[in-house]
Amino acid sequence: MKRFFLLLTIALRMQAAFAQDLETIFERTKGAETPTYEQGMTYFRRLDQQFPQVQMRTMGQTDSGEPLHLLVISKDKNFDLAQQRKKGKAIFLIDNAIHPGEPDGVDACQMLLRNLLTSKDGLNLPDNVVLCVIPFYNIDGALNRNSTSRVNQNGPNSYGFRANGQNYDLNRDFVKADSRNAMAFAEIFHLVDPDVFVDTHVSNGADYQHVMTLIATQHSKLGGGLGPFLHTKMEPYLYEQMKAKGYPMTPYVTNFGPNVTKEGFSGFIDYPRYSTGFAAMFQTLGFMPETHMLKSYEQRVKSTYELLKIYLEFTVTNAQEIVRLRKADREAVRTQQEFPLAWKKDESRSRPIEFLGYEHGYKPSDVSGQPRLYYDRSKPFQMSVPYYDYFVPTLSVKKPKAYLIPQAWWPVIERLKANHVVMKRLDQDTTLSVEAYRIESYQTSPRPYEGHYPHSDVKVSTHTQTIHFRKGDYYMECNQDKNRYLVETLEPTSPEGFFAWNFFDSILQQKEGFSDYVFEDLAAEFLKSHPEARQKLEEKRAQDPAFAKNGRAQLDFVHKLSPYYEPEHMRYPVFRIL
């Protein structure tokens with residue numbers, strides 16, 4: 001009997017030690033602290049060591065010099081994701097600490113994984129869903145820890161910095177992929193190939209009662225069968241369940257000012273620079289939950305934890321339908337002929353949502369003496385406001401049969417490869433008739449944005465030309481499930497294409513010119529033998545008096561019509577096979 005009690009005591013002590021071992025820093029500090037990168041990774045490694053259902057993988061490098069990690073949680077201990085997809089299982093990916101000053105997801109995931117693995121809080125590992133987690137995406141920012149950079153935010157006591165080691169905001173870097181982080185993320189994303197993707201955040205902006213706000217992949221842009229499924233089934237479920245849990249959600253408040261109740265909400269245009277817009281290019285249901293910055297850290301983490309549970313529950317219940325819809329949409333994109341590039345809000349369609357706000361007012365500033373905005377939390381209100389969450393395309397393009405890109409443009413080719421575009425290299429020098437774009441005009445941002453001076457309002461002309469391609473140049477047929485990514489990145493008028501992000505700026509500068517006194521005689525000879533060019537010159541002079549008085553401008557005009565003008569200037573170096 002004594003031996004029995006001794007063994008029981010030892011077992012209880014071991015159980016208590018085990019439970020304490022898996023208590024998170026967030027729990028231990030009663031919601032005041034979030035772990036450092038080292039502390040957080042120690043916890044996730046402990047889960048990997050203690051539970052055979054967990055596998056931690058070391059992935060690609062980041063700008064910090066540290067590699068990304070991926071946790072794969074599988075009830076049947078099969079960590080081959082391709083095999084799991086063949087079995088019809090859905091895959092759910094969570095990305096944390098893209099902005100390490102917003103660490104809510106790190107703490108929520110630690111509790112979620114522990115409770116799934118130990119069958120606590122009514123949770124159990126699902127049979128039909130494989131869960132994957134990136135513990136810390138912006139490792140650089142997580143290592144740059146401070147207590148002051150999130151001046152608008154209520155806790156935790158210390159946290160990481162928003163930008164990464166190169167000072168990039170990684171949630172503006174998905175499609176342009178300037179950082180090693182983004183290239184490593186692409187490797188993870190296409191390995192995991194998630195059906196559902198959640199990227200955890202904290203909001204800025206107006207003050208209101210809601211603890212949680214939500215950005216979902218814009219359903220009009222997602223399209224196919226997944227778009228309506230997201231809009232009519234998945235989103236309503238998320239909102240209903242969060243309300244039942246005591247965390248009524250609102251869509252992300254894009255209007256940062258106090259007049260949101262008058263103007264209503266607009267859906268978020270999640271271009272592919274953002275995680276959800278990037279995910280949509282590959283037919284993934286993407287979400288950015290944004291907890292409210294002024295709520296306590298404890299509230300924010302607990303609401304994130306509840307929302308992650310709801311995502312998982314919905315995915316488990318609807319796994320078969322999600323997988324089926326996604327497969328159908330991927331097949332459809334192979335043969336889709338026209339692709340939207342730019343979008344705008346549909347002003348004619350809205351629906352009412354219940355918004356829980358605070359009344360606001362103005363009073364003299366103690367700093368400037370000028371009127372300043374304040375919110376009065378003693379005066380909460382509930383109001384129905386219009387929500388505009390339908391978008392319509394403003395620019396579309398027909399896909400070509402294939403794109404051709406010379407091998408010299410390796411920074412673009414690297415990004416295409418990272419996103420698993422199927423391409424082949426020409427096995428010999430080849431001359432082909434192609435459709436070529438010429439950049440006729442564009443606007444450039446006067447200020448830098450995330451390491452670039454992006455182009456917009458791009459106007460092009462198209463010309464059929466015979467181009468000589470070299471052995472090793474890249475040919476990409478538009479019959480693949482990466483068609484949407486191909487078109488949106490390679491078309492020069494795309495607001496998120498590689499041209500917009502300055503990858504082809506060298507073609508915008510003319511490399512060879514002329515000396516006036518030398519070209520005068522050549523130009524005269526050219527006009528004599530090319531009457532059609534002389535007619536164009538005369539028409540231009542008649543239409544533009546200033547041009548008619550400018551000799552240099554007229555020589556330049558003739559030069560551009562002549563064979564002496566370099567063909568590469570303003571010619572977009574991605575060619576279309578029709």
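Ser 365 turns out to be buried in this predicted model, with a relative accessible area of 16%, which falls below the 20% cut-off. The residue sits in the loop that links β12 (351-364) to β13 (371-388). Leaving aside residues up to four places away in sequence, Ser 365 touches Gln 370 and Arg 372.

Despite its charged side chain, Lys 482 counts as buried, because its relative accessible area is 9% and the limit is 20%. As for partners, the side chain of Lys 482 makes a polar contact with the side chain of Asp 481, at 3.0 Å. Further along the sequence, and again setting aside residues up to four places away, Lys 482 touches His 190, Phe 282, Asn 419, His 420 and Val 421.

One of those partners, His 190, belongs to the buried set of helix α7. Also buried in α7 are Asn 181, Ala 182, Ala 184, Phe 185, Ala 186, Ile 188, Phe 189 and Val 192. Just past the end of α7, Asp 193 adopts a positive phi of about 50°.

Turning to a pair of helices, α16 (residues 531-543) and α18 (residues 551-561) have axes that come within 10 Å and cross at roughly 145°. The crossing of α16 past α18 is right-handed. On the α16 side, the contact uses Ala 533, Lys 536, Leu 537, Lys 540 and Arg 541; on the α18 side, Gln 554, Phe 557, Val 558 and Leu 561 take part. By type, the residues of this contact split into 5 nonpolar, 1 polar and 3 charged. The spacing within each list is worth a glance, since an α-helix has 3.6 residues a turn, so residues three or four places apart point the same way.

Zooming out, the chain holds 18 helices and 20 strands. Its C-alpha trace spans about 115 × 65 × 40 Å along the principal axes. Of the 578 residues in the chain, 54% are buried, Ser 365 and Lys 482 among them. As for how the chain contacts itself, 78% of the contacts between residues at least 6 apart in sequence join residues at least 24 apart.

Methods:
Residues numbered from 1 in each chain as written. Predicted model: local features only at pLDDT ≥ 70, side-chain atom pairs only at ≥ 80, totals over all residues. Heavy atoms only, no water. Axes fitted to C-alpha atoms, helices over the stretch in contact; angles between N-to-C directions. Helix = DSSP H or I, 4+ residues; strand = E, 2+ residues; numbered from the N terminus. Left-handed = near helix turned anticlockwise from the far one by under 90°. Contact = heavy atoms within 4.5 Å. Buried < 20%, exposed > 50% of the residue type's maximum accessible area, 1.4 Å probe, protein only. Polar contact = N/O pair within 3.5 Å; in protein donor to acceptor, adjacent residues only side chain to side chain.
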